[in-house]
Structure formats: structure tokens, C-alpha cells
Amino acid sequence: MRHLLSTGDLDAATANLLLDTADRLKQALLGREVHKLPTLRGRTIVSLFYEDSTRTRVSFEIAGKWMSADTINVSAKGSSVSKGESLRDTAATLAAAGADCVIIRHPASGAPHRLAAWGDRDSLEGHGPAVVNAGDGTHEHPTQALLDAATLRDRLGSIAGKRIGIVGDVTHSRVARSNVLLLATLGAEVVLVAPPTLLPVGVADWPCRVGLHLDAELPGLDAVMMLRVQAERMHGGFFPSAREYAIGYGLSERRLALLPEHAVVLHPGPMVRGMEISPAVADSPRAAILAQVRNGVHVRMAVLYHLLAGAPEVQG
Amino acid sequence: MTMLIDLLIKNARLYGEGDPVDVLVRDGVIAEIGPGLAAPRDDNDTENDAEVIDAAGLVLLPGFVDLHTHLREPGGEDAETIETGSAAAALGGFTAVFAMPNTDPVADNAVIVEHVRRRGDEVGLVDVHPVGAVTVGLAGERLAELGTMAASAAQVRMFSDDGHCVHDPMLMRRALEYATALDVVIAQHAEDPRMTSGAQAHEGAVAARLGLAGWPAAAEETIVARDCALARDAGAALHVCHVSSARTVDVLRAAKAAGVRVSAEVTPHHLLLTDAALTSYDPVNKVNPPLRTGADTAAMRQALADGVIDCVATDHAPHPAQAKDCEWAAARPGMLGLQTALSVLVHTMVEPGLLDWRGVARVLSERPAEIAGIADQGRPIAVGEPANLTLVDPDEPWTVRGAKLASLASNTPYEGMRLPAQVVATVLRGRVTARDGDIRK
């Protein structure tokens, strides 16, 4: 694995290897007072964030630090980026300064792909820094999908054969895209539930099914993942009102009761309580939302480990 | 000093048909056509011997006419100038190009269009016909002085807000009505902007997967349908720029059958490339309208063969490296087209048998000249006609290298692609403007 750009690039063996590694790292750290492994000592990881983010940036930084890497955060504000420097020049600068890995979040879909291509083209060594996609536009967020998968494995025992619902603004969701691809690769049956205005034209080609009525789908689900509905969508005419959205697609206590006993509730955060998820559901033991955050650190440690520590490749 | 010497083209097959013949050009006009012609020689003045081109195995066509070129001057000289764009045109086999008005300042008045025309004449490699803006500043709010531009020394025959759609239906209606008195054509960039806000790619499976905001084909189809109704009522000539959607063809077919004065062009890239190329996120493939699906390219080819789409126009739209070597959303739409147009047309239309060389002459020369109403281009290869000619080697494939193209910009989606057919020589009113890949000053 040279880069992590899309979960679509992961075969089942590689995805499972990442999840197994995350598990082993979690066990290795369990009960330790000092959360520090020497694995990536001397490696330099730069986080390049062109969008505000708390959980993802913190999670990557903790993951790097727990493996003794040197981690540096660059935010688009307060750097030469705000002076109009191109993404390519910023990338070349970071590579020349010695970054082994660049974690990028960017509002443009595909920005990490460009970064990876430039790195390999411009570098004197023939390959640039490893690139990790930490969320690009409305494209993908692969480590989010991996941490969701880790959480589902913890809660459900396995993923193959399970039915997972993803509910909400699919069109604008990078979490949805990464999850659909990864969960399908891992053998799950994925059902998208959303108002038709929030499903992209072309969704029929995705490895999943589309359902339009949440109540009808809930009893058959092993897990349901609620997507955040961004405020600006409400003014875009995608649906009539927040109230009507919550009635049609929000996860209320009544709806929680429609889920099977064992089913898990996930949310990538940040949540809009009262919109896509009711406060009581968010705080219920059925919700694995904080477990997702915890798993996020281990999954990102596993990704960095496989990208930077020369971990054995899986032959697909 | 710039006395026109005679030109003798030996053993060319006109329109790729029949036995090879010789074509003698004198004073910019085709003087003789027949076997075994010889140029008159003057032993005391060998400097003025006729230029002889051995055209054995080559196809002679009327000079190409491009209704849709962005020469970028004034204002965008880091991507192209009238001089470099003219060179690219001549090397691509063109003897006339129509320069779109989205320059800086916009070509929405007589001063700018006359400047563009004059610069084209000074360079002298290709007839540069400025296209005038339909609305002031391309803002879509009020009509530009179409009459003044038409009556100016630039003799503007075609008006377009290309890059922008004249989307206000009442304004478009007025433009079409007004144009009828001037006998000019309104060329529409058909894109309903209310449906394409933020659009980055053809709305479909690829864009959905890549997380790129979709440009629905309906945004083109609805404007074309609306404009056909407006042109019908006004009795005006409407030209549809860069058709990209299969269903737009259905709209055009119906309108033509109903007698609407509508013509349409397709770009080489919409004949060849599809949105499958987008998975690398490399913005060399970013263009407006966007690359669509294989079903769309197939429909474009068929419509061009059937004549529902009248002609090929390049939409040659150079951008400097920094406008393409960036993330997809930040990149400018547009690609080079002048030097690859013939080869792409041969690859997509001639090789599969959808078009013969007579058809190539129709879609690259005769129809565009007719649509724009220019009398001295797109003429038959016959005695007494102006010698605007393009000589093509149909059997010589080449590999596209952006850095070797004449345009200032060098980014191209065809980089490294092997394409059939080369332009061997281009002749503008009897003068060789390009030969064997080199410009003749």
C-alpha cells in the first residue's frame, strides 16, 4: 500500500489486514499507562488540513504520536496556503522538507489523488510521500469507513453477511461513499435510505441497494449509520424543512425500537441532535459513537504503520 | 516582395476520390485541374519558380473552417495569442477560424473585434473572424451592439456569449429577432446555469462515484429545445455550440424536421473522450460541457454522420499550466483542439466508416463556412475557386506531444495518444501557410 486514497482501492485481504492490525495495536495498548509504541520513531507525518476538523485531525495526530512519529499540523489558515500558493507547490514544499507521509483534508474531491501523482512525478527519489486521504470534498473519507468497520466488527462479531443501513445526505457525503465501497468489499449488504434529492444520479451503479422508506428497512438491519445533514442543504431546496426531514429520516426513539435487539447505531459526527438523530438515541447504549472515535485512533495507527513501517504486503 | 508564386500540387486525390490529378494555383485561385500539369518556368528567374508539392497518396480537401476557437487575445496571452493560435490553426489544416469573444476585455464592441481581425490579418496564417458577444460583457443582461460589430471592418457574422449561456429567454428571443435584420447567426452555449451551479462533471455514475457535482445533460437539452422554439418564432438562424448529450440530438432532429433554421457543432473531444477518463482527477480532461458517456459519444458520431449535427468545431480552449496543474475543482475547463481535430475526426468517423473524405470536407469546411456565411471558404475544389486547401496524409499516424504543439499551452488530454492522419500542407488563398509540420511565414 503506497497511499490510502479510496476504500475502493482496498481488496478484502488488505482491508482485513488493516482491521486486524488496528485490533492488535488496541490490545497492545490496553491497560498501558504510557500510550507509546516506538514503531514510527524518526518518521515525519504532516497533516495538511484545508477544512476545519477536530476529530479527524486530533485522531490522526494521536495515532502518529502514539507510534512515536514526528507529527506536524498545517492548517490552510496561517500558512502560505492563505497567500495563494498552489496545492502542488505546497505538496512539493512538504516533500522537500522531509515529510514521509502527508495526511490531507481538502474541499476538492480528488485533491489527495493529485497530491499522490505530483509527489511521484516531482520527487527525485521516484516516489513522493505516502498520501492519506482524510476527507476530500464529497468524494471519500477512507479512515472513517475503516473505523466504522472496526466498530461493526467489535459489536457484531463480523461484517460479512450483515445488512448495514446508511441514512441521510448520501450525495454530499464522503463517509457514505467510503463506507459503501468498503462494506461491500467486506461482504456486507448495504442499504442507502435517503430522500431522492439527496441520492446522487448514478447511485444505481454502486454496490448497494437503495430504499426510500426508513421504517420499512429498520427491522432488517444489523446496523444503521446516520449521516449528518449539513445546514446549508436545508436552504438548497433538497427537502422542505428540518422538521419534515426529521420526521421522514431522523432516528427517533420510536424508530430505534424498530431495529432488532442486537443492531448498532453509528454516526460519523458531528451530530445534529434533533435532526438526523434524537438526543435519547445518541446517548443510548445502542449507539457506538464514542467507540467509533476510540477505534479511529487504532485504525489510523494501523494505516500509518502499513504505509510507513514497511509492513508486509497482502497479495490481492 | 510578397509576390505570390504559383503552386502546383502533383498527384493528389481530390476528396480522396478517383485518380490522382494535379492542381495548379495561380494568384490565389485554382487555375487548372488535370493530369500531367506543369508549372511554367522562367529560367532567368528561378526564385519565382512555382512551389511543387508531391502529393502522391495524399488527399486534397477544402481548407478547414473552425466555428469555435479561443485565441485568448486580448487578455489571456499566457495561454495563447492570435499569433500562436493562428500557427496551431494552420498546422491543423484550418484556413479560417472564428475567435470567441470571451477575452479580456470582452469582444462586445467594434473596437475589440476590429483589433482581433486586424491582428489576424497581420499574422496572416489563417483568416481570423471575430465572434462578437451577444450581451455586454457576456453578462447576459443587455444586448451588445450587434449591428455596429456586423457593420465594422471586422464584418462580424456570428455572435455568441460562449462560456456563458444567454439564459434569459426574453433576452435570447430579442437577440434572435434582432439578428434577422443583420443576417447573422446567434451561437448558443446551451447550459441552463440554474442547473449547473458548481457542476464539475457529467452527472452520472462516474461523477457520483468520484464525488464531483453533476452537470445534467438536461441543462443542455432544455436550453436547445427552448432556443429552437424561439428561433422558429423569430425566423432566425440559431447555431448550437458543442453539442454533448445524446438527447440533444433528438431535439435537433425534430427542430430541423419542423423547418427551424438551426445548425449544430460537435467538438472532437465529445466524439472521442468519455467521463471514464476522470478517475485520475487530472484536469486535462475538464471541459465545458463535460465529457459524457460512451452512449453520448456514439450518438454524436451517428448524428454527425447523419447531418443532424452539421459540423465539427474544435472549442480550442488553451489554459496555462497553473490553471490545469491543480485540483479538479480549481482547474479551468477547456482543452487544445486545433492540431488534433482532423486526426480525432479520422479516428472516430473515417476509420469506422461513418464518414468518407467528402464527408470530412463537409463537416470541417463546407458546412461551417455556410453556417457563418463566409463566401470565400468551404468552396468546391474547382477551377476559378479560391485556393483554400488542406492536403492530408491519411496513412501517417502520429503521437501527440503537447510540448510540440504550436499553442502556448501544452496541456492536452491526447498526450501520448497515437492518432491517424496528418496535415501535410495548408494553403490560404494560394499561399502555403504550413507544410510538413512547419509554419511558413
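**Entry 1: domains of chain A**

How many residues of domain 1 of chain A are in contact with residues of domain 2 of chain A? I found 25 residues of domain 1 in contact with 22 residues of domain 2; two residues are in contact if their C-beta atoms, placed from the backbone, lie within 7 Å. I note that this is a predicted model, in which local features need pLDDT of at least 70, side-chain atom pairs count only at pLDDT 80 or more, and totals for chains, interfaces and linings use all residues. Residues are numbered from 1 along each chain as its sequence is written, while chains are lettered from A and ligands numbered from 1 in the order in which they are written.

I looked up the bounds, which come from an automatic or database domain assignment. Domain 1 of chain A covers 7-140 + 294-308, and domain 2 covers 142-292. The C-alpha centres of these two domains of chain A lie 26 Å apart.

I then listed the elements that give two or more residues to the side of domain 1 touching domain 2 in chain A: helix H1 (12-29), strand S4 (130-136) and helix H12 (289-308). Helices (H or I, at least four residues) and strands (E, at least two) are DSSP runs, numbered from the N terminus. H12(A) gives the most to this side, with seven residues. By class, this side of domain 1 of chain A has nine nonpolar, 10 polar and six charged residues. Ala, Val, Leu, Ile, Met, Phe, Trp, Tyr, Cys and Pro count as nonpolar, Asp, Glu, Lys and Arg as charged, and the others, Gly among them, as polar.

**Entry 2**

I traced an open sheet of four strands in chain A, in the order S2-S1-S3-S4, with parallel pairing; two strands pair if DSSP finds at least two bridges between them. Strand S2 (70-75) and S4 of chain A are the edge strands, each pairing on one side only. Neighbouring strands of this sheet are turned by 15° against each other on average, direction ignored.

Strand S1 (residues 44-49) and S2 of chain A pair in the parallel sense over six bridges. I found A:Leu48 opposite A:Val74 in S2(A).

H12(A) lies across S1, strand S3 (101-106) and S4 of chain A, running at about 150° to S4(A). Axes are lines fitted to C-alpha atoms, for helices over the stretch in contact, and angles run from 0 to 180 degrees between N-to-C directions.

**Entry 3: chain A against chain B**

I found 21 residues of chain A in contact with 18 residues of chain B. Helix H3 (87-96), helix H4 (111-122) and helix H6 (174-185) of chain A each give two or more residues to the side that touches chain B. H4(A) gives the most, with three residues. The residues of this side of chain A divide into six nonpolar, nine polar and six charged.
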